[in-house]
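Hi everyone, thanks for coming.

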Amino acid sequence: MESHNSGSRNSRTSRQSLAEVLQAHEEQQEQELKSKLKKAQTLSQKKIRQQQIQTLKEQSLREILGFFTNQIDVKRFLKNKKKLLSSDDTEQSEKYQDEFLNPNEFQEMKHIYGDCNIGDLVIVFPNPDDEEALAGEITFLEAEKVFDKFITVITDEVSKSYLKKERDSFLLSYLTLGDYVKPEKKNKKQDDKKQNKANNENKNQEQNKKEIQKEDNQNKEKQNQVDNQNNQEEAKLLQNQKDQPSKINSIQSQHSENKPQEETSYQKYQKFMKLYEVQLQLEEEQYQLQRNVAKQNQGELFSEVKFSQQFYRQWQKQKKQEDLIIDPLKELLKIDLNNIKQFKNISKQLSKGGYLVKKMNDEVDYDWICQNTPPKDFLTLVRITVINKLCRNAFVHCRQFVSTTGKHIFVVVKSHPQVITRQAQKMKITKQIEMGFADLFSLEPVDNQFRPLRLKSYVRIIDDDLRNIFAQEEYAQSNEPEFDYLNCQDVENYCLKLYIKVRQWKGKDLKYNVVKKQRDVDKILKEVVTDLNIDQSHEKVELIDDIPISDEEWQVYYLYLESILCFGKKIQWAKEQKMKEVIENIAFLYKLVFLKALGDANQIWYAENQSFFRELKGEKQIIFNLWGRLNITPVAPFTEYFKSTGSAGSSLWRKYEINENKHRSEFINMEKIKISNSIVLKHINILKMLQMQYIFAYFPIHDLHQLKGQGDKKKQFFEPLKKNGFIIDKEPTEGEKYLRDLFKELADEAESTDFDSESLVQESQFNYRIPWFVPIDSIRDYFGEKIALYFDFLSYYAKQLWYMAIVSIITQGIMYSATIELRQTAIIGFSIIIIIWSTFFMEFWKREQVYFSVRFGQQNFEADEAERPAFEGDFIRSVLNDDLNEEFYSPFKRKMKQLLALSISAIIIGCVIGCVIGINILKNTLIEQQLDQNLSNTIPSILQAVSINFFNFIYNKVGQSFNVLENHKILSTYENSLVAKFTIFRFVNNFIQFFITSFLSSYFVQLKLCQVNLSIPNDCFQILSNQMTTIFLTNIISLQIPKLVAPIIKAFIQNLLTKKDEKLVEHPFNLIDEEIERQLKLEPYQTNEEVDGSVNDYMELAIQFSYLSLFGLAFPACYILAFIQNVLKLQVDKYNFFNYSRRPFPQGASSIGNWLIIFEMISFLAIFTNAGLIVFTSEIIKENQVQVFTTLLIVFLTLKYIIRFLVPDEPAEALVLNRRHEFVVEKAVKGFQTESNARYLMQKINRQIGGPKETISSEEEY
């Protein structure tokens, strides 16, 4: 029993242990299964995520590809089309279709043209479908290069991954273009083969036509039997469409079985597209079949839109119809772009892809019809790519139209206001703060100690007698009505009448009325301080050594207070009425009020106290503000732009009138163009595209209202847009009306740039009293700082010549009619005057350009180091930043090319010297033949002037060619090299004759360089005088008159030879397009394709300055000729800029750059030439010439550097403005800049000049 029991126990324990083992094993298996399931789930989730990422990438790539190929995804297209066609408003949908606009584009047009600006920039492309367009081929590698180097610009604006998608989409789009067919050679065998192929194709086409006709007849019979069978037949049609992909797949499988070797991805795509074209043809036939039947049955009731709706609705009723439609983009995406070998023998059409078709209406009239199909030529693809990059990446608006000649396609670029604001912050441009916000109380009257009159003891300290009078007056006048300031329409006339009464006040009466009026005005000023958050804590001190002013000044000050009170009441009333427009411009309004009050008060005083001596001295004011005391034009500070918000923030930045409708904006049109240009350059390498002629032209658009005052003509441009709903006229609100009424009252004392009252042409009219006058502020606001600085320099130059012209006429008279001793004295004295004048000229110009930079916020301006589009180099690794693909060109190669250019220049200079010698031989021959003295000297001088212009023309071409050959990488170095070449050669070409005649005539006795006639064998001064006279007269004729006449003749010939489409298709933008096309015909302001026209302009002035400074002593009257020439040049340049030049791109500038160094060198060289003329040429000094020459050099150098020491480079006005601006910007704008980095409430941001009164937490927020 025990053994049995023990065995049973053992068996039980074994069973239990086995069960435990099995249970543990099962648990282990369950855990393993769970872990496997978890792994599977995580793997599936990863795969799902990867698939999602992949699908997103594919969708974005499809979207970009759809835009580049002018088509969108089929599924999305059908959904959007379903929504469009399901709308009941068929007329509106037809309107959008007729005008090539969908509803979103229509809404964008309404938004973008609301500012009445026809555009910012224009990009002109050649029309690839024009008859005269050059045909050619483009390979895959060339297309790749075009996108990488010309179309793409790597910036922070667009990510590298997105750029790669664009690149892939562009290359895939290239593969969809039409294949290039080489021109056929004349060969009989080839012709026979082509004819056999054509015959076979015709036979196949005839068979296909017969089959199609049979099918058409069968379908017509079925439809004619019973009308109710339409739906069944449509179902069959859809079934045929449904079965079509399976047929294609079966055909593809058959091809795949028979192929001998593996096909490339591109070959597979080509086969697919052949089959896809067959499907499209079948679908088109079925569509046309049903359309014809429906048109016959319905007759005049047939509607194309309704039929297409019905057709596509029935098509979409089939289940999974969208999934069965073959998607060509999906097949296109399967092409492997990394396998470049498969594209080795591919070449596509460069042009003439048929995107635009010229439809001839008759023998003369034609229209360009857009097929709106995917591009089939490379130039069309490039244009579509550029437009889509600008629209999608840069968020600018683009609109296309074809020129009337059909040779060009214009793309008009306009930037949205939000885009301008955002880009201005990214560019960190400097913007001017509103003076009324930043420094309003600098405009109030002050005394000689610069202390405000409202703080003087005369106003603030009141004795007991006056205090009692005030108490009695307040009690007596408590029930009397106040003067109705709100209804006072003419404040100036009211103050003029009041001044008759005020002049009678003396002593206590005057003080009582001034103090009383000051108290009333203080209430207004208190509101001003509150509105603008101005700190007045620094005014709570007693004035020390307060100097009294006259009663006459207090009387005029009373008129000032009366004006402040009147306009202040009006502004406060509008604020109480919560007029938004007035509140947003409140700082600007207060500035105008202060200027108006001060100006009117002084004008009333001057009208009553006018005298000849005051007119002569210019004493037209009796009370002055801070700027008037300093004799400085008030200028508001500039600072880096940032977006300000809130009611007070809306008044921070200065606003300008931007159009004829009196709209105001923080950005003038010049700044918008500058910002829009930077946007375009950040996304498109436009300069390289211009160089490679993918783009024909690129320029900003002139504004006819601002330039010529043609606001009425410009309004006509937008009338068709208003009629067609692109612009909606909004009636002005009560606030806008009230604001404009205030502006009319305050405009007469405003700054010239506050209101666009006069056009640039009107402001720039010739002033007989000041012939060198130029409105620099207005030119800067339209053309930018660089052009404005050129005109400022030219005006300054002409003004300085006026002073020298008076002295030169006197000196010339003495030299011709006086005795020898007086003549010699005049020569020495005039040489000293030339040294002094040239030195003062340079020193005062330095001061002028510093003041210019302060006035327009250009102190910290730095020109961008742009890369030349024509630069080509080898790709190497950059040592500086490890860029593996940096283009590099060997400096040694450049130096060798520079040596070659130097040797060619030496040869040309040798020709110049030979020409000079030949002209002197001719002169001596004429003298020996006893020809008339005037002719014997005039003819050689004319020939010398002609040879100078001829060699300048020759070297202009040669120098530019060598400059291109040197292959400079940076545009600034290219320009500097070009300027150096031109300056050196032209200096030698113009002055080699003068140097030889003046200083080397004794070494070439046989040439008789200084012979005037047989009786005067040696008079170098007379020879130099004759040459100077001829050259200056010929320069006036040869330089200025052609500039004036040539553009007129060229424009006339262009209009005469250009063939236009006279009968244009009527659309709302006709007038705008005609104006833009007209501006394309204007001359670009350029020296060459890479350098603007300022190089030639400054070069012309530098050569003239050299004549005057170096050899003006020989012919003093040349200064009056130079003055006439420069005044004429100023008027001609203005005329050409305003009428015959394209608008140049606005550029910043703080100085004239390297030209300042060139003028300095000329001024320094003048010391040596003038000393040499006195000693070696004038025959005044006949002994110890070297010692006298050295002495004169020392005297002249000492005189020059004494003047430079006494005249500082920076004027006191500029220093004061800089210090004042730093103070105002630091205190007044600091709070707004903090707000951009911390979450402050706008109402609690401190903008007080005196600093914060309380600390606000950045986390405090409602």
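Let's start with a pair of residues: P126 has H408 in β7 as its bridge partner. Before going on, please keep in mind that what we are looking at is a predicted model.

Strands β1 and β7 run antiparallel and are joined by six bridges. On to β6, which covers residues 396-402. Seven bridges link β6 to β7, residues 408-415, and these two strands are antiparallel as well. If you'd like to follow the pairing by eye, find F401, whose bridge partner in β7 is F410. Then look for C398, which stands opposite V413 in β7.

What happens between β6 and β7 in their hairpin? There are five residues between the strands, and one of them to look at is G406, with a positive phi near 80 degrees.

Which strands make up the open sheet, and in what order? There are four, in the order β6-β7-β1-β14, with antiparallel pairing. At the edges sit β6 and β14, the latter being residues 697-700, and each of them pairs on one side only. From one strand to the next, the twist averages 20 degrees. A helix packs on this sheet too: α13, residues 378-392, which touches β1, β6 and β7. The direction of α13 makes about 155 degrees with that of β6.

In β6, five of the seven residues are buried. How many of the eight residues of β7 are buried? The count is eight of eight.

From α34, the residues I834, W837, S838 and F841 meet F1105, L1108 and S1109 of α40. Sorted by class, that contact has five nonpolar residues, two polar ones and no charged ones.

The other partner is α33, residues 785-817, which packs with α40 at about 20 degrees, with the axes 11 Å apart. The crossing of α33 and α40 is left-handed. On the α33 side, the contact involves K786, L789, Y790, F793, L794, Y797 and L801. On the α40 side, the residues are S1094, D1097, Y1098, L1101, Q1104, F1105 and L1108. By class, the contact of α33 with α40 has 10 nonpolar, two polar and two charged residues.

Next, a few single residues. S941 lies in helix α36, residues 933-965. Is S941 buried or exposed? It counts as buried because its relative accessibility is 4%, and the cut-off for buried is under 20%. Apart from neighbours within four places in sequence, S941 is in contact with N1026, Q1027 and T1030.

Most residues other than glycine have a negative phi. Now compare that with D545, which is not a glycine but has a positive phi of about 55 degrees. D545 sits in the loop between α19 and α20, and at 61% relative accessibility it counts as exposed. K662 is not a glycine either, and its phi is positive, about 65 degrees. You'll find K662 in the loop between β12 and β13, where it counts as partly exposed at 41% relative accessibility.

To finish, here is the whole chain. It has 45 helices and 16 strands, and buried residues make up 46% of its 1262 residues. Among contacts between residues at least 6 apart in sequence, 80% join residues at least 24 apart.

Key. Residues numbered from 1 in each chain as written. Predicted model: local features only at pLDDT ≥ 70, side-chain atom pairs only at ≥ 80, totals over all residues. Heavy atoms only, no water. Buried < 20%, exposed > 50% of the residue type's maximum accessible area, 1.4 Å probe, protein only. Pairing = 2+ DSSP bridges. Axes fitted to C-alpha atoms, helices over the stretch in contact; angles between N-to-C directions. Contact = heavy atoms within 4.5 Å. Nonpolar A, V, L, I, M, F, W, Y, C, P; charged D, E, K, R; others polar. Left-handed = near helix turned anticlockwise from the far one by under 90°.
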